[in-house]
Amino acid sequence: MVEITYHKEGDFFVPDLYLEKEDYENDYIIGKYGHLRLEYLKNHKKAEYIIMFMNKTLRKHIVETDKQAKNMLELLMNEMQKKNPIDENLKNTDPLKWTGLMNNYKHCAEKVVLSELIYY
């Protein structure tokens, strides 16, 4: 059994509580989608955020969400390019049009990722 220590603040004894640091994939750098999910939890789902923080599962959730989002974005982009291929010659002849089409694919794929993985 864990012994709880207290310190006195004014007329009250307050427990000395602290949270242990999460050690889930410390070398993984959380990207855009992980940060977006974290902000969403902090601002819109505070109870979930606090529970995950207290259970030391918050970092795991954020890392896994970031990885899933990146993979999903890549898969969606590949599917869009297979169904509606963009001629590679367009890259050389009209680079602005090619960039616009690729940005359109990315925007559509990102919209799906954000609605299904980040803001649910």
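User: I am new to this structure. What is the relative accessible area of K91?

Analyst: Let's start there. K91 has a relative accessible area of 37%, so it counts as partly exposed. Do keep in mind that this is a predicted model, and every value we discuss is computed from it. The general idea for this label is a middle class: buried is under 20% and exposed is over 50%.

User: Which residue forms a salt bridge with K91?

Analyst: The partner is E88. The general idea is to look for a side-chain nitrogen of Lys or Arg within 4 Å of a carboxyl oxygen of Asp or Glu. In this pair, the closest N and O atoms are 3.6 Å apart.

User: How many salt bridges does the count come to?

Analyst: The count comes to six by this rule. One of them joins K67 and E25, with 2.9 Å between the closest N and O atoms. This pair links distant parts of the chain: K67 sits in helix 3, while E25 is in the loop between strand 2 and helix 1, 42 residues apart. As for cover, K67 is partly exposed at a relative accessible area of 27%, and E25 is partly exposed too, at 26%.

User: What separates K70 and D66 in helix 3?

Analyst: Here the general idea comes from helix geometry. An α-helix has 3.6 residues a turn, so residues three or four places apart point the same way. In our case, K70 and D66 are four residues apart in helix 3, so about one helical turn separates them. Their side chains meet in a salt bridge, at 3.2 Å from N to O. K70 is partly exposed, with a relative accessible area of 36%, whereas D66 is buried, with 0%.

User: Which residues of helix 3 are buried?

Analyst: The list includes L58, R59, H61, I62, D66, A69, L73 and M80. Helix 3 itself has 26 residues and reaches 37 Å from its first C-alpha to its last, close to the 38 Å expected.

User: R59 is in that list. Which side chain of opposite charge is nearest to R59?

Analyst: That is E22, at 6.3 Å. R59 lies in helix 3 (residues 58–83). Leaving out residues up to four places away in sequence, R59 touches E22, Y24, E25, N26, Y28 and I30.

User: E25 has come up again. What is its phi?

Analyst: The phi of E25 is positive, about 45°, although E25 is not a glycine. K56 is another case, with a positive phi of about 60°. K56 is in the loop between helix 2 and helix 3 and is partly exposed, with a relative accessible area of 38%.

User: Let's move to helix 5. What covers its buried residues?

Analyst: The cover includes helix 1 (32–44), helix 3 and helix 4 (89–93). The buried residues of helix 5 are W98, M102, Y105, A109, E110, V113, L117 and I118. Helix 5 (residues 95–118) has 24 residues and spans 32 Å from first to last C-alpha, close to the 34 Å expected. T99 is also in helix 5, and it is partly exposed at 34% relative accessible area. The C-alpha atoms of T99 and E25 are separated by 35 Å, with the two residues 74 apart along the chain.

User: Now the surface. Which residues form a nonpolar patch there?

Analyst: I4, Y6, F13 and L17 form it. To read a patch, take its members as a group and consider their accessible area together; here that is about 490 Å². F13 counts as exposed because its relative accessible area is 58%, and exposed means over 50%.

Notes
Residues numbered from 1 in each chain as written. Predicted model: local features only at pLDDT ≥ 70, side-chain atom pairs only at ≥ 80, totals over all residues. Heavy atoms only, no water. Helix = DSSP H or I, 4+ residues; strand = E, 2+ residues; numbered from the N terminus. Buried < 20%, exposed > 50% of the residue type's maximum accessible area, 1.4 Å probe, protein only. Lys, Arg positive; Asp, Glu negative; His and termini not counted. Contact = heavy atoms within 4.5 Å. Patch = residues over 30% accessible without salt bridge, like charges linked within 9 Å, V, L, I, M, F, W, Y side chains within 5 Å. Areas by Shrake-Rupley, 256 points an atom, 1.4 Å probe, with all protein chains shown as cover. Expected span 1.5 Å × (residues − 1).
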